[in-house]
Amino acid sequence: MSILIHNGKVVTSATEIIADILIEGDKISNIAPSIKQKADRIIDASGMWVLPGGIDPHVHMQLPTPAGPSADDFYSGSLAALQGGTTTIIDFVTPSRGQSIIEALKLRIEEASNSLTDYTFHVSPVEWSKEVASDIAHCIDMGFPSFKVYMAYKNSIGIDDNALYHIMHTVAQNGGLVLAHCELGDDIEVLRDFYATQGLTSPKYHALSRPARYEALAVKRAIDLADQTQCPLYIVHVSAADSVKHIVQAQKSGQPLFAETCPQYLLLDETLYDTELLSALKYVMSPPLRSHDDREALWKAIANGNIQAIGTDHCPFLLKQKMLGNHDFRKVPNGAGGVEHRLTLLYTYGVLEDRINLSKLVDAYSTQPAKLFGLYPQKGELAIGSDADIIIWDPNAQGSISAANHYSKSDLNIYEGFKTVGEPLYVIKNGVIAVERGNLNHNLPVGKLIMRRSTKTTSHYYKRMDNPGSFNCGRV
Ligand code: URP
Ligand code: ZN
Ligand code: ZN
């Protein structure tokens, strides 16, 4: 099967040109101002933009929690992703304490096998032992070189600084990257119980028990441990301006340090916890929503290149699951959905409001996740030989976000009522039209499990720079 995309504005993280793109099989075979070759299908993309497929570096499909699994399984979550222009997702393998990481990885691969997007996993060690050390090395050899550690959630999957040090050291020695969920777990547990014992149990106290300073202090600690162990570090879901300050300082010193934020931290704020209970419950996530000033600092950090990637942390629940904590914020499952809205929200509220330009958008939603997680240039790029994961974007389409018409299986939407501009007219995945004008191709083959390269193969990207000058995350 071949597809010729004719006369679109081809936008990458570095360039914008009017060109044709030829797809043969599952790869891009040519990009040129005018391609004369015949194709099975010709798509006129005049007036449209042709963008690389999205890579969401942070999603949780069917995440097990005490309130039951998160609402999207790999099928519904990946369908939602595709409809929004995301063609690859990176989820997580989180073993129980005592369970072999490799065993958990195999089970998770099985669970994801009906994903419509391509997929891969970060691996989350939840303790430290000799077995964990050898499993980390094994995971990197198998093509899973990134490891998310939780400094929060101390009662379940969170680890202490001793484990964090050893995990970082082992990951660094074997050519991997550590992702850190930075919040001071022990301090949070104290505050949670403090509020709850006083009968202060509404969702607002979820936010008050996880203040921005606890995030920033954890960021500082993780940066320091990463520096000591010479481990490349990626801070997930950064939400606070004070965290950004620590990140900028370490990047200026040349430390290989990368950061991610999510649309919810750019577009929503803490005043939403003051709404009525049924509404406030849906914003219970960790870290919690922050202030207007925090939001502005995050936008600036993206524009300046200090935050490289934008994921969604897609982790939606049903209202009835959230309601399990209506009398105790500690029982509300943490998380919210958004995998299908990432591009249109960033375009509408980022590009159209002049906070970031189009190339920065492409960089943050696709190219940087590919570079950081060992997928580049197979993914995250429009180039000859790259996977034909392509969006044809209608920059004028108008929309309105609602749980009534979203693809996620959740009955809640934290962006309810948000107006949007721009949507994918076509989503092409591995050379097959997956979505055309909102309609899913019912013959679409399932997505592929993607094995990724270790940081050893791209070591210059992850090495400490001696004279960094200004931090440049495009240094691949
Ligand atoms: O509230 C959140 N973010 N839930 C998902 C798990 C995590 O910490 O990323
Ligand atoms: Zn997290
Ligand atoms: Zn997450």
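First stop: are Lys 148 and His 237 buried or exposed? Both Lys 148 and His 237 are buried (under 20% relative accessible area; exposed is over 50%, partly exposed in between, with a 1.4 Å probe and protein chains only).

Before you click on, note that this is a predicted model, where local features need pLDDT of at least 70, side-chain atom pairs count only at pLDDT 80 or more, and totals for chains, interfaces and linings use all residues. Residues are numbered from 1 along each chain as its sequence is written, chains are lettered from A and ligands numbered from 1 in the order in which they are written, and side-chain values use heavy atoms, with hydrogens and water left out.

Now select ligand 2, a zinc ion. Its donors are Lys 148 (NZ), His 181 (ND1) and His 237 (NE2), at 2.1 to 2.4 Å. Donors here are N, O and S atoms within 2.8 Å of the metal (3.2 Å for Na, K and Ca), and water is not among the atoms, so the site may look incomplete. Along the chain, the donor spacing reads K-x32-H-x55-H. Lys 148 sits in strand β9 (residues 146-150), while His 237 is in the loop between β11 (233-235) and α8 (241-252), 89 residues apart.

Next, color the cysteines. How many disulfides does a search of the whole structure find? It finds 0, counting a pair of cysteine sulfur atoms within 2.5 Å as a disulfide. Zoom in on Cys 182: the closest cysteine sulfur, in Cys 231, is 12 Å away, too far for a bond. Cys 182 is also buried, at 3% relative accessible area. Cys 315 is in no disulfide either, with the sulfur of Cys 262 the nearest, 11 Å away. Cys 315 is buried too, at 4% relative accessibility.

Last stop: show helix α2 (residues 101-111) with helix α3 (residues 130-142). They pack at about 40 degrees, with axes 9 Å apart. Axes are lines fitted to C-alpha atoms, for helices over the stretch in contact, and angles run from 0 to 180 degrees between N-to-C directions. That angle makes α2 oblique to α3 (under 35 degrees is roughly parallel, over 145 roughly antiparallel, 65 to 115 roughly perpendicular, the rest oblique). Show side chains for Ile 101, Ile 102 and Leu 105 in α2, which meet Val 132, Asp 135, His 138, Cys 139 and Met 142 in α3 (contact means heavy atoms within 4.5 Å).

Methods
Helix = DSSP H or I, 4+ residues; strand = E, 2+ residues; numbered from the N terminus.
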